[in-house]
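Please look through the two chains shown below. My notes follow as numbered points.

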Amino acid sequence: MSRDALDRRVLAVIGRGVDAPLDEAELDALALELFAWQHEHCEAYRRLCAASGRSPDSVGHWTEIPAAPTGAFKEARLAAFPESATVRVFRTSGSTAGKRGELHLDTLELYTASLLATFGAHIVPEARPLPFVVLAPPASQAPDSSLSYMYDVAARHLGRGEPVFCVTRDGWDPAAAIEQLRGLEGPAAVVGTAFAFVHLIDALGAAGEQLRLPAGTRVMETGGFKGRSRELTRDALHAGIESALGVARERIVNQYGMCELGSQFYEDSLRRGRASEVKRVPPWVRTRVVDPATLREAASGEVGMLVHLDLANTGSVLAVQTSDAGRAVDGGFEVLGRLPGAEARGCSLAADALLGGAA
Amino acid sequence: MKRLRAAAEYIDGARAAEALARTFELWREPTSPWRERLARLHGGFSPRVVDAGVRLGLEHWTLEVMRELRGRELRGDHVAPGVTAVWLAGSIPTASFAALALPLLAGSAVAAHPASADGAGPALFLESLRSVDPDVGACISLDAGPEVLEQVDAVVAAGSDESVRVVRERVPPGIPFAAHPHKLSLAVIGTQIDVPGAVEALAQDICLWDGRGCLSPAWVLAVETPGRRAAHIAEKLAEALDRLASRLPCGPMTAGEHAALRDRRGAAAVREGVELHASGDANDWTVVLDPGPERPAPGGLRFVPVVPVGSVRELVEFCARLHPHLSTIGHAGLGGRAPGLLEGLEAGGGSRLCLLGRMQLPPLDWRHDGVEPLRSLLRLVDVEDEHD
């Protein structure tokens, strides 16, 4: 089967929407075909598979497809198409180690379809266009940011009027964003990074001000804090947003996404009308919680490592292993931050310290 | 503090040396109940690693060595500390044993702050010392808090740069202070040795303490030859680690450590030119032949990057980029004072060269981080001639 035909099949699945379950057999068949395609056309991924002794000949179920850890996206071009066909590269934000993970795309069609389906269902479930206030830079200023692309596309397809981007490549002024929010005359979608919301909360707190955004407004926040603001628990962040912006908790949605994936996960608070921390898994995605020591499925309710299989990643690698801790729950999964890591159990210098201090 | 000072008045370094020698003998015995208890209680490593690490590590910690050390470093006029604060770090029991024992040899009592990762090692060591000589044992306390830093006569602090800095800030000026920040070591294999012999010794260095220590080889530099010797070394090292995995099994790892190892394996596997050897789906060990050009991140937890080097110059350059974080270079097949080894050690800020197989077994009297272990605690005294 050709790549185009595979893309069409995945697009058809996405086109059915987030409420149309994908039959396990259909997912398995599509996943195995995609795996074979990617194995054949992506040399770096083929090396990864060889290291674990697996190939399309030996893999009989989608759960056996070798997952590429996020670190692999920093070391090699994990793309199943020639470099010349690249139309976009999304990159992870910087880290102490310097290298950034990259998702190479030869088409934005699947990425866009997936994001519109999930964003629309979870942030604008009424399907009534709303003005967008975005606490992130526009895609034109951050072309390698998947987040900016997502907001840009969502605002233009699901929003009303010209979206307002409050952040530029040079930074942002929370006071100007507050002015924008004060000027809202009706419900809006206020979306952005978690740390930008912290800045907003802090700016309002410093001014001794609380906003009461128009009824029907919803907030979507995503990402970690990455040293760009004080760190808050998700609960504290949402409480802060509720207090600072006057948006009820059930209208504040966290999105969990990764640069390396073509799809994202949302809490379904808006759809259910009550606050929820459960991340919903789109039908074209499967999320497994595995024991990082054995890679076996964690027992129900146990905390483990999240591994995603995303059919929308047709041009890259569909199985991606994270370093995030999660727990399978009814209707999806919960994200519990990073897996508990290396406390000081030795006297060897940590790699990060070395890279920061001596490289 | 008063109790410690009082206890220290009744003993001296010579008596402490005798007590320590007998204590270390207890720990070295073929079926030492102390080793058995520590292996059972430690929890940070597999019992077999604790057993072997302690047995081998204490092999040469004898009365003779301690007497020589005292004679060598306690010369001339000096004032020994009454009480030394010792900030322990990490989870390696023999490192804690040495840190507690050395001030005693200088005639000082010890107010120790145990590391959170190893409560059992210092406690059992102290119990064994008290069983040999209660008076010497009374010279150690294991419950020191930050307040003692302002009351003691010398301080030895191990830990991360940040931990050492925090301790140092609490110590009044003029108090002798020996810092042992976290460091890294590496192994070098030259061409003048059979690969199987070298990798057997190296595998032990990797497996003892699971690559968590500052003496664990974070890289293996293999002097390359036209016959792809580095690749051969990587392959044979993998086989040696596999054989050793049953005798010295890896200890428990956190979920984050497992995830990090999987991430590193995957990141290595996708790179062109990298050869990966691993213990199947388990995280027991990983060997990665990484020809560069970038220096791979340091290994640990039995993840070992093997880096081919073409010349002594490359070895020295590699070490220089680690400055000042290098501790030890373990070597084989080069000759003990081969060109490059000392130069590399100097360039990286290291202080110890040893043969492979000995990396985890430093002598009690080694000059850890280039510091004389007893003399660094002393206040040296000048008595000037009285005549004009």
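Does V381(B) count as buried, partly exposed or exposed?

1. V381(B) counts as partly exposed, because its relative accessibility is 30%. Buried means under 20% relative accessible area, exposed over 50%, and partly exposed in between, with a 1.4 Å probe and protein chains only. V381(B) sits in the segment after β14 of chain B. From V381(B) to V79(B) is 7.0 Å in space, C-alpha to C-alpha, while 302 residues separate the two in sequence.

2. A word on the basis. This is a predicted model, in which local features need pLDDT of at least 70 and side-chain atom pairs count only at pLDDT 80 or more, while totals for chains, interfaces and linings use all residues; side-chain values use heavy atoms, without hydrogens and water. Residues are numbered from 1 along each chain as its sequence is written, with chains lettered from A and ligands numbered from 1 in the order in which they are written.

3. Chain A has 11 helices and 16 strands. Its radius of gyration is 20 Å, close to the 21 Å of the globule rule for 359 residues, so chain A is as compact as a globular protein of that length. Helices (H or I, at least four residues) and strands (E, at least two) are DSSP runs, numbered from the N terminus. The radius is taken over C-alpha atoms, and the globule rule is 2.2 Å times the number of residues to the power 0.38. Of the 359 residues of chain A, 54% are buried.

4. Chain B has 14 helices and 14 strands. Its C-alpha atoms fill a box of roughly 70 × 55 × 35 Å along the principal axes. Of its 388 residues, 58% are buried.

5. Chain B carries a surface patch of negative charge: D77(B), D382(B), E384(B), D385(B) and E386(B). Patch members have over 30% relative accessible area and no salt bridge, with like charges joined within 9 Å. A salt bridge puts a side-chain nitrogen of Lys or Arg within 4 Å of a carboxyl oxygen of Asp or Glu. E386(B) follows β14 (379–380). E386(B) is exposed, because its relative accessibility is 80%.

6. Check the backbone too. Most residues other than glycine have a negative phi, and most peptide bonds are trans. W209(B) has a positive phi of about 65°. W209(B) lies between α10 (195–207) and β8 (217–223), and counts as buried at 1% relative accessibility. L301(B) has a positive phi near 55°, and is buried at 15% relative accessibility. The peptide bond between H323(B) and P324(B) is cis, with omega about 5°.

Definitions and conventions
Patch = residues over 30% accessible without salt bridge, like charges linked within 9 Å, V, L, I, M, F, W, Y side chains within 5 Å. Areas by Shrake-Rupley, 256 points an atom, 1.4 Å probe, with all protein chains shown as cover. Lys, Arg positive; Asp, Glu negative; His and termini not counted. Charge placed at Lys NZ, Arg CZ, Asp CG, Glu CD.
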